Amino acid sequence: MIDATVRCLVKYGYANTTTPRVAEEAGLSRGAMMHHFENGAALIKATVKELHEKRLRAFRRAAEKPEHDVDTLVETYWAQVQKPAFIAFHELAVAARTDKDLAEILHPLQEEFRERFNAQAETLFPEWASVPEQFDLAMNLSQTILEGMAIGIETGAMSPEKVPAMLHHLENQIRALMPPAAT
């Protein structure tokens, strides 16, 4: 059901992702779908939670490598924001700007995700412990640039040909922030 919801969000957008459409995408009757989720809000909440869990798992897998090579980490996150899960999440995030009910679901989950992501990052990258402000800046810079690039490509505002140079520049900016012992 959650995978079907993600596919619908990517194909049709939030406004056109309805429970009947999700049920059809999943190959289930609406009644069978409602057996698992009491309403569309419960399905969206479960979908957001799963999207967050996927992001955390991907981050953990990339960061658990013995060496924290900046290029590999940037390229791994870049690959993640190219996937349907990111597109679906972005669709929900933008819709929550004007949809109060969706915002009430999404915003608390966003806060929980940020807390878990930051705690995980601090644990996985102990080499940055001596420069917490720079680490926070590197993490925010990476997320903002990579997600912004993905959105730009998704909407046609950025040419895919610009990606390699942008990734290289971002990697250099992160290296400049790293503590001397980690470079």
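Over the ring of which residue does the charged end of Arg-55 sit? The charged end of Arg-55 is placed over the ring of Phe-89, 5.1 Å from its centre. A charge sits over a ring if NZ of Lys or CZ of Arg is within 6 Å of the ring centre and within 35 degrees of the ring normal. Arg-21 lies over the face of Tyr-12, at 3.9 Å from the ring centre.

This is a predicted model, in which local features need pLDDT of at least 70, side-chain atom pairs count only at pLDDT 80 or more, and totals for chains, interfaces and linings use all residues. Residues are numbered from 1 along each chain as its sequence is written, and side-chain values use heavy atoms, without hydrogens and water.

Three aromatic pairs occur in the structure. Rings of Phe, Tyr and Trp (its six-membered ring) pair if their centres lie within 6.5 Å; planes under 30 degrees apart count as stacked, over 60 as edge-to-face and the rest as tilted. Two of the pairs are tabulated below.

| Pair | Centre distance | Plane angle | Class |
|---|---|---|---|
| Phe-125 and Phe-135 | 5.9 Å | 50° | tilted |
| Trp-128 and Phe-135 | 5.4 Å | 45° | tilted |

Through ring pairs, Phe-125, Trp-128 and Phe-135 form a cluster. Phe-125 and Phe-135 are both buried, as is Trp-128; buried means under 20% relative accessible area, exposed over 50%, and partly exposed in between (1.4 Å probe, protein chains only).

His-52 counts as buried because its relative accessibility is 5%. Leaving aside residues up to four places away in sequence, His-52 touches Phe-89, Leu-109, Gln-110 and Phe-113, where contact means heavy atoms within 4.5 Å.
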